[in-house]
Amino acid sequence: MVHTISLYEVCSKRYLDLEVQPGRLKNEFQAICNLMDRYAYGGSPIFIADRGFSSYNVFTHAIENNVDFLIRAKDLNVQRFLGVETLPDKLDTTIELILTRTQSKRNINIPKKNHNTAIFVKT
């Protein structure tokens, strides 16, 4: 049994790349990061993925490599990412979140240039 993650270009209606993993060792987070790293087709792609791909590691990997992405997540997961109890009612809300490896109050209160910022938009 194998697990595949494919890279599909919507405009030209063709597959560009494929990540094949053993079924029991599948890792969707690693797969999408590998596809981002291997992308060599020019232009300004936007990687679009479903719920199984939402993680801090994927977001950070895309941000560090200047890759645009749109990844769907469950409302509960988005609330956890943002650290809020409820999501705003306003349709389009931009929220900045600092992604860092440390949890110290100093790093959270005084953002540094080496931290990554993710923008979440609820539509």
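## Close-up views of a predicted model

**View 1. The buried residues of helix H2.** Val-58, Phe-59, Thr-60, His-61 and Ala-62 are the buried residues of H2. The helix itself covers residues 56-64. The model shown here is predicted.

**View 2. Helix H1 beside helix H2.** H1 covers residues 28-38, and H2 covers residues 56-64. Their axes come within 9 Å. The crossing angle is roughly 10 degrees. An angle under 35 degrees counts as roughly parallel, so H1 is roughly parallel to H2.

**View 3. The residues between the two helices.** An α-helix has 3.6 residues a turn, so residues three or four places apart point the same way.

View 4. Is Cys-33 buried or exposed? Cys-33 counts as buried, because its relative accessibility is 9% and the cut-off for buried is under 20%. Cys-11 is exposed, with a relative accessible area of 77%. The structure holds zero disulfides.

**View 5. Ser-6 in strand S1.** Strand S1 covers residues 2-9 and includes Ser-6. Ser-6 has a relative accessible area of 38%, so it is partly exposed. Which residues does Ser-6 touch, leaving aside those up to four places away in sequence? They are Tyr-15, Asp-17, Leu-18 and Leu-35. Glu-19 is 13 residues from Ser-6 along the chain. The C-alpha atoms of Ser-6 and Glu-19 are separated by 6.2 Å.

View 6. Lys-13 lies in the loop between S1 and strand S2, which covers 14-22. Its phi is near 55 degrees. That is a positive value in a residue other than glycine.

**View 7. Asn-66 after helix H2.** H2 is followed by Asn-66. This residue sits in the loop between H2 and strand S4, which covers 68-71. Asn-66 is not a glycine, yet its phi is positive, about 55 degrees. Is Asn-66 buried or exposed? Asn-66 counts as exposed, because its relative accessibility is 73% and the cut-off for exposed is over 50%.

**View 8. The whole chain, for orientation.** The chain has four helices and six strands. From the N terminus on, these elements run β-β-α-β-α-β-α-β-α-β. How many residues does the chain have, and what share of them counts as buried? There are 123 residues, and 33% count as buried. The chain exposes about 9200 Å². Carbon and sulfur atoms supply 51% of that area. Among contacts between residues at least 6 apart in sequence, 36% join residues at least 24 apart.

Notes
Residues are numbered from 1 along each chain as its sequence is written. This is a predicted model: local features need pLDDT of at least 70, side-chain atom pairs count only at pLDDT 80 or more; totals for chains, interfaces and linings use all residues. Side-chain values use heavy atoms; hydrogens and water are left out. A disulfide is a pair of cysteine sulfur atoms within 2.5 Å. Buried means under 20% relative accessible area, exposed over 50%, partly exposed in between (1.4 Å probe, protein chains only). Axes are lines fitted to C-alpha atoms, for helices over the stretch in contact, and angles run from 0 to 180 degrees between N-to-C directions. Helices (H or I, at least four residues) and strands (E, at least two) are DSSP runs, numbered from the N terminus. Angles under 35 degrees count as roughly parallel, over 145 as roughly antiparallel, 65 to 115 as roughly perpendicular and the rest as oblique. Contact means heavy atoms within 4.5 Å. Accessible areas come from the Shrake-Rupley method with a 1.4 Å probe; for residues, only the protein chains shown count as cover.
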